[in-house]
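The following exercises concern a protein chain and the ligand it holds. Please work through each task with the model at hand before reading its solution.

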Amino acid sequence: MSNLRIAIQKSGRLFEDSVQLLKECGIDLRNVKDRLRTESDNFPLEVFFLRDDDIPQYVEDGVADIGIVGENVVFEKNRQVEITEKLGFGKCRLSIAVPRSQEYDSIKCLEGKRIATSYPHMVTSFLAKNNVTAEIHEISGSVEIAPGIGLADVVADLVSSGSTLFMNGLKEVETILNSQAVLIKNKQLQPFSISLLDKLLFRIQAVKKAKRNKYILLNAPNDNLEKIISLLPGMKSPTVLPLAESGWSSIHSVLSEDQFWECIENLKAAGAQGILVVPIEKMVI
Ligand code: PRT
Ligand code: ZN
């Protein structure tokens, strides 16, 4: 039987998280450092290690069936591939930044400017959409120094913490794209590859769901049970077990991260005690 072939970044910001995701999906990979390819022993998966810029093309051409790459690269390369799943890591944004001393009140301020970027395709369509005409200077690295050395007036680059822009005297003024790592696939996958991809996606979704949720255990006096249960969203209804001490119960449920702190505060206020919160490894519902 054939393997599903996945392309991931060889080294760089997405490498560790890509390998970690596969591991959390129960896929063992040996020898992932400084290799061009490897295979898993316990899942029919073959892994190619590539430069991130090349991944969309390999997937479009069918040399790899699927790939993990930033949305910024997918949109810039503009290849015929399909995004199947957002993966929640490698988050950043493609932004336009101008020298801090420069006044900026609207996108019209970019009119006639020289913009240094490694993302000419996306910047061009962003400017066109906003009816702005500017000059694009494509450079492949250290974009942030371009205004300082007189190569450009403004930059369009990836930003995560913002410290690179800050250290170069620049301020972020427009966001072109909010990006994260995504799973892309070839548009004409064979049926056996589709079924393997479905299997992989099922695991990825279980891992992602588990990360967004916590398992919560708490003790509550029976008199307050109803109130406390009404505060718990849970997957279905919570599990309620009697404690050895009469008049008390133990309640188990699942809480999502975004409701977490507020819910814990409300539970405490409603008389919950001994609240334990534990991570969930996989979540299949
Ligand atoms: O060798 P290869 O071509 O494979 O790698 P690469 O050097 O092209 O890419 P790499 O490893 O730097 O980044 C891979 C992917 O990580 C990118 O395509 C994005 O999808 C994602 N990512 C997330 C980032 C950042 N965050 C990021 N901060 N990619 C780059 N940066 C750079 C940015 O270009 C700037 O120089 O970090 C600097 C800004 O960071 P802050 O924190 O100072 O704002
Ligand atoms: Zn690259």
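Predicted model: local features only at pLDDT ≥ 70, side-chain atom pairs only at ≥ 80, totals over all residues.

**Exercise 1.** Determine which domains and which helices and strands supply the shell around ligand 1.

*Solution.* Begin with the domains: domain 1 and domain 2 each give at least three residues to the shell. Proceed to the secondary structure: α3 (71-77), β9 (154-159) and α5 (163-167) each supply at least two shell residues. Of the shell, β9 provides the largest share, with three residues. Finally, locate the site: ligand 1 sits in the largest pocket.

**Exercise 2.** Describe the composition of the shell around ligand 1 and name the residues that come nearest.

*Solution.* There are 22 residues around ligand 1. By class, five are nonpolar, 11 polar and six charged. Those that come nearest are Asp53, Asn72, Ser161, Gly162 and Thr164.

**Exercise 3.** Identify polar contacts to oxygen atoms of ligand 1, separating backbone from side-chain atoms, and state how much of the ligand the protein covers.

*Solution.* Apply the cut-off for a polar contact, a pair of N or O atoms within 3.5 Å.

1. Backbone: an N or O atom of arginine 13 lies 2.9 Å from a ligand oxygen atom.
2. Backbone: an N or O atom of serine 160 lies 2.8 Å from an oxygen atom of ligand 1.
3. Side chain: a polar atom of aspartate 53 lies 2.8 Å from an oxygen atom of the ligand.

On its own, ligand 1 has 830 Å² of accessible area, and the protein covers 77% of this area.

Methods. Residues numbered from 1 in each chain as written. Chains lettered and ligands numbered in written order. Heavy atoms only, no water. Near = heavy atom within 4 Å. Polar contact = N/O pair within 3.5 Å; in protein donor to acceptor, adjacent residues only side chain to side chain. Areas by Shrake-Rupley, 256 points an atom, 1.4 Å probe, with all protein chains shown as cover. 1 Å grid on protein atoms, 1.4 Å probe; cavity = no way out; pocket = protein on both sides within 12 Å on 5 of 7 lines; lining within 4 Å. Sits in = over half its atoms within 2 Å of the grid points. Helix = DSSP H or I, 4+ residues; strand = E, 2+ residues; numbered from the N terminus. Nonpolar A, V, L, I, M, F, W, Y, C, P; charged D, E, K, R; others polar. Domains from an automatic or database assignment.
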